[in-house]
Amino acid sequence: MKDDSDFYAVNPLGYVPVVRTDDGVVLTENSAILQYVAEQLSASGIGARPGIERSKLQQWLCFIGTELHKGLFTPLLGKNVPAEVKSYTLEKYLSRLDYLDKHLKGREFLLDHFSVADAYLTTVLNWSIATPMIDFAKYPAVKDYLERMKRRPAVAKALAEEFELYKAEIARHKQAA
């Protein structure tokens, strides 16, 4: 937010993402926001057609959100998460990368075209920068996919901007310590 208003007034849960539409509707949760964005940019083709393609998009958005974002990466990124919890998380959730690797083998994208699910997956997989305990060498299709996505001009631009924010946040934490 660009002002001093109370973020909890926008999202009572106090976390991102959250989007306020032009008509004042507040949307939370990645899956809902990404599908809304895809609908707003329907000519771009980043969404899915009604029917099974849309269901497959929803399937991948849910998988990324629950199994990778919250299940695997959130515990590994937590500074105060005990080592035992991180170890358990790796033991339980690395199989999700096996599943993803099998799906991506021989495919360019999650669906038959670049979609908001690919944008979300690229973001989540890129968090491996801060989680060295995940080695994508064990998942060659995932590794190739991430490198391919990073070469897309819009993705490269977004990741570069995000990386600058990440470096600034790390520096801010070092100063506060």
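**Working through the model**

Tutor: Gln35 lies in helix H2. Helices here are DSSP runs (H or I, at least four residues), numbered from the N terminus. This is a predicted model, where local features need pLDDT of at least 70, side-chain atom pairs count only at pLDDT 80 or more, and totals for chains, interfaces and linings use all residues. Residues are numbered from 1 along each chain as its sequence is written, and side-chain values use heavy atoms, with hydrogens and water left out.

Student: Is Gln35 buried or exposed?

Tutor: Gln35 is buried, because its relative accessible area is 17%. Buried means under 20%, exposed over 50%, and partly exposed in between (1.4 Å probe, protein chains only).

Student: What does Gln35 touch?

Tutor: Arg54, Leu57, Gln58 and Leu61, not counting residues up to four places away in sequence. Contact means heavy atoms within 4.5 Å.

Student: Which side chain makes a polar contact with the side chain of Gln35?

Tutor: That of Gln58, at 2.4 Å. A polar contact is a pair of N or O atoms within 3.5 Å; within protein, one must be able to donate a hydrogen and the other to accept it, and residues adjacent in sequence count only if both atoms are side-chain atoms.

Student: Now the core. How many residues are in the largest nonpolar core?

Tutor: The largest nonpolar core has 38 residues. Such a core is a set of buried Ala, Val, Leu, Ile, Met, Phe, Trp, Tyr and Cys residues joined through side-chain atoms within 4.5 Å. Leu72, Leu97, Leu100, Leu110 and Leu125 have the most contacts inside it.

Student: Which elements give two or more residues to this core?

Tutor: Helices H2 (30-40), H3 (52-77), H4 (83-104), H5 (116-126), H6 (140-150) and H7. The largest share, nine residues, comes from H3.

Student: And what does Leu100 touch?

Tutor: Trp60, Leu68, Leu110, Leu121, Leu125 and Val142, leaving out residues up to four places away in sequence.

Student: Switching to charges. How many salt bridges does a search of the whole structure find?

Tutor: Six. A salt bridge is a side-chain nitrogen of Lys or Arg within 4 Å of a carboxyl oxygen of Asp or Glu. One of them joins Arg49 and Glu53, at 2.7 Å, N to O. Arg49 counts as exposed because its relative accessibility is 58%. Glu53 counts as buried, at 15%.

Student: What does Arg107 form a salt bridge with?

Tutor: Asp112, with the closest N and O atoms 3.5 Å apart. Arg107 is partly exposed at 26% relative accessibility, and Asp112 is exposed at 71%.

Student: Where do Glu169 and Arg172 lie?

Tutor: Both lie in helix H7, three residues apart, about one turn of the helix. Glu169 forms a salt bridge with Arg172, the closest N and O atoms being 2.6 Å apart. Glu169 is partly exposed, with a relative accessible area of 33%. Arg172 is also partly exposed, at 47%.

Student: Last one, the end of that helix. Where is Ala176 found, and is it buried or exposed?

Tutor: Ala176 is in helix H7, which covers residues 153-176. Ala176 counts as exposed because its relative accessibility is 67%. Ala176 and Tyr139 are 37 residues apart in sequence and 37 Å apart in space, C-alpha to C-alpha.
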